[in-house]
Amino acid sequence: MLASSTPDALWSAPSARVLRPSAVSCTDVTRGSLLSRCSIRVPVGMRLLVVGEPEESASALLRVLAGLSSPGRGRVEIAGLRDPSAEGWGRRIAHLGPEPGIPRWMTPTEAMTLAAGLLELPAAEAARRIGRALAWARVSAEVRDRPIRRGGPPLIQRVGLAAALIADPEVLLLDEPLRALEADERFRLLRLPGKRRTILLASRYPASEKGLATHVALLRGGRIHLLTRLAELEAAGLPLSMKGIGVLADLRAAAPR
């Protein structure tokens, strides 16, 4: 069983329980034409579906949060830290996109050993985490020492998930993940345990994420126009779709204050 690595002392203090600290916070983040002074706070433990108009803006936000893209302006904090290096929040997050970027000639074992090495894990701990992550991703023993290319996109994406989980991240940024897998298997793999694990899931197909998120955020014109519980869609009689989410955002904007 995977468990969140968030230190208990960090989030279990009485003051933290009252204040509900942010796992992710960005303020006035701007990136090209996709993000324009975007601000959002995501509490610890939230499972957030992020959708965008245009669609690419959700992926752009996750890349900035992961440190893969630098914003033109604005501030990003993870667990209250502004330092994206390994000494700051770099080792407390993981990003998984549709293309994990693993060389096709590598074996799953080699890819995971490299990931463990980047984390500077002791050998015994590395072996334990590698075995646990590969088991969760259902990368079978018989394919672990074969080139990843022989398993095609499904195996590549499974190994990418395992590599993302090896650090037991507090914040997991998922950008259209595991699309090469069958829907039921994708759902099983992405229902990650850990009450203090925070997940942001960027998707162009909201209906396919049902059951994976508790809240939804809509980026429109580069800014957050809606952040609410998914239950609000159902209460309003709206479907979990881009159209339904957009209608709810319009209703909220038009409501008297």
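The expected span of a helix is taken as 1.5 Å times one less than its number of residues, where helices (H or I, at least four residues) and strands (E, at least two) are DSSP runs numbered from the N terminus. The model is predicted: local features need pLDDT of at least 70, side-chain atom pairs count only at pLDDT 80 or more, and totals for chains, interfaces and linings use all residues. Residues are numbered from 1 along each chain as its sequence is written, and side-chain values use heavy atoms, with hydrogens and water left out.

**Helix 5**

Helix 5 (residues 123-136) has 14 residues and should span 20 Å at 1.5 Å a residue; its end C-alpha atoms lie 20 Å apart, which agrees. Its buried residues (under 20% relative accessible area, with exposed over 50% and partly exposed in between; 1.4 Å probe, protein chains only) are Ala126, Arg129, Ile130, Ala133, Leu134 and Trp136. Down the axis of helix 5 these fall within an arc of 155°, so they line one face of the helix; the arc is that of the directions from the axis to the C-beta atoms. The face turned away from the buried side carries the exposed Ala124 and Ala127. Helix 4 (108-118), helix 6 and helix 7 (183-190) are among the elements covering the buried residues. Just after helix 5, arginine 138 takes a positive phi of about 60°.

**Sheets**

Two strands pair if DSSP finds at least two bridges between them. Angles run from 0 to 180 degrees between N-to-C directions of lines fitted to C-alpha atoms, for helices over the stretch in contact.

| Open sheet | Strand order | Pairing |
|---|---|---|
| Three strands | 2-1-4 | antiparallel |
| Six strands | 5-6-7-3-8-9 | mixed |

The twist averages 15° from one strand to the next. Strand 6 (residues 171-175) and strand 7 (residues 198-202) run parallel and are joined by five bridges; leucine 172 has isoleucine 199 in strand 7 as its bridge partner.

**Cores**

A nonpolar core is a set of buried Ala, Val, Leu, Ile, Met, Phe, Trp, Tyr and Cys residues joined through side-chain atoms within 4.5 Å. The largest has 51 residues, and Ile148, Leu172 and Ile245 have the most contacts inside it. Helix 6 (residues 152-165) gives the most to this core, with seven residues. Apart from it lies another core of 28 residues, including Val42 and Leu62.

Terms used
Contact = heavy atoms within 4.5 Å.
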